[in-house]
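Thanks for coming. I have one structure to go through, and I will keep to what can be computed from the atoms. Please have a look first.

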Amino acid sequence: MTIVMGLQGKDHVVMAADRLGHTLDGSGMYGFGSGKLHIISAGSREWVVGVAGSLDALTVVKAVSREALEGECAVNELETYADKLGEVCRHRGFEDDMWFLVAGIDKAGPFIYQISFLEQERDRGEGRKWIGPLSVGQTMGYCAIGAAAHGALYFASEHHKPEMSESQRLLLAHFCLTEACKHDMRVGGPVDMAVVGNGPARFIAESDAPVIVARSKFIATRIGELLLAPYGETDLITK
């Protein structure tokens with residue numbers, strides 16, 4: 001399973017994803033590291049795609065990414081992009097649920113779009129259907145897909161602000177994912193991050209961001225300390 005988050009700013013988008021993947025055989029389930037963020041070419045810019053659900057989604061993204069997008073109008077081009085993803089799925093016989101979160105900048109500014117490949121009502125015989133692209137960044141400025149997505153959104157819904165700097169948004173994304181990973185066995189660190197702006201997209205491995213990791217741990221520790229503070233040292237209760 002996977003969790004992917006996107007946080008939209010005024011001139012950039014931050015993406016973050018866990019790295020835990022699972023494989024099954026007759027005797028059990030095994031975990032392994034797997035990158036879920038992929039950079040695709042979009043004209044003079046680069047966009048980032050995060051995948052959740054079946055790891056076949058990574059195969060699909062890599063197969064389609066050979067064909068560059070124009071990068072001028074996301075909603076128009078992502079319609080074509082979704083069609084190409086669907087063609088690969090049908091050609092290779094993939095049948096598991098997949099979610100795609102696409103982030104970047106076009107002529108209108110930063111964006112986050114979601115594309116889903118989901119099974120419809122079994123009793124209707126509708127099979128699987130592509131849903132999207134749906135704009136999910138313009139209204140709230142944040143979105144998450146995959147396992148534990150709601151857990152990751154708790155802090156984002158409360159603390160994400162449009163005026164945040166890139167560094168602050170990276171910190172929030174890392175903190176949201178690491179906290180969600182603590183409570184759901186389906187996801188786990190380390191956390192990969194990426195920044196999409198007007199230039200080339202930047203991939204940031206957790207090992208390359210020790211300050212963000214340390215600050216994220218400090219915030220979690222501080223919250224715990226405040227909750228455990230004796231009543232006499234706080235104003236929690238008004239007598």
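I start with Asp192. Beyond its neighbours within four places in sequence, Asp192 is in contact with Met15, Ala16, Ala17, Arg19, Gly35, Leu37, Phe203, Ile204 and Ala205, where contact means heavy atoms within 4.5 Å. Asp192 belongs to strand β11, residues 191–196. With a relative accessible area of 3%, Asp192 is buried; buried means under 20% relative accessible area, exposed over 50%, and partly exposed in between, using a 1.4 Å probe and protein chains only.

A word on the source. This is a predicted model, in which local features need pLDDT of at least 70 and side-chain atom pairs count only at pLDDT 80 or more, while totals for chains, interfaces and linings use all residues. Residues are numbered from 1 along each chain as its sequence is written, and side-chain values use heavy atoms, with hydrogens and water left out.

Now the whole protein. It has five helices and twelve strands; these are DSSP runs, H or I of at least four residues for helices and E of at least two for strands, numbered from the N terminus. Of its 239 residues, 48% count as buried. Among contacts with a separation of 6 or more, 60% come from residues 24 or more positions apart.

Last, helix α2, residues 74–92. Its 19 residues reach 26 Å from first C-alpha to last, close to the expected 27 Å, which is 1.5 Å times one less than the number of residues. Buried residues in α2 include Leu78, Tyr81, Leu85 and Cys89. After α2 comes Gly93, with a positive phi near 75°.
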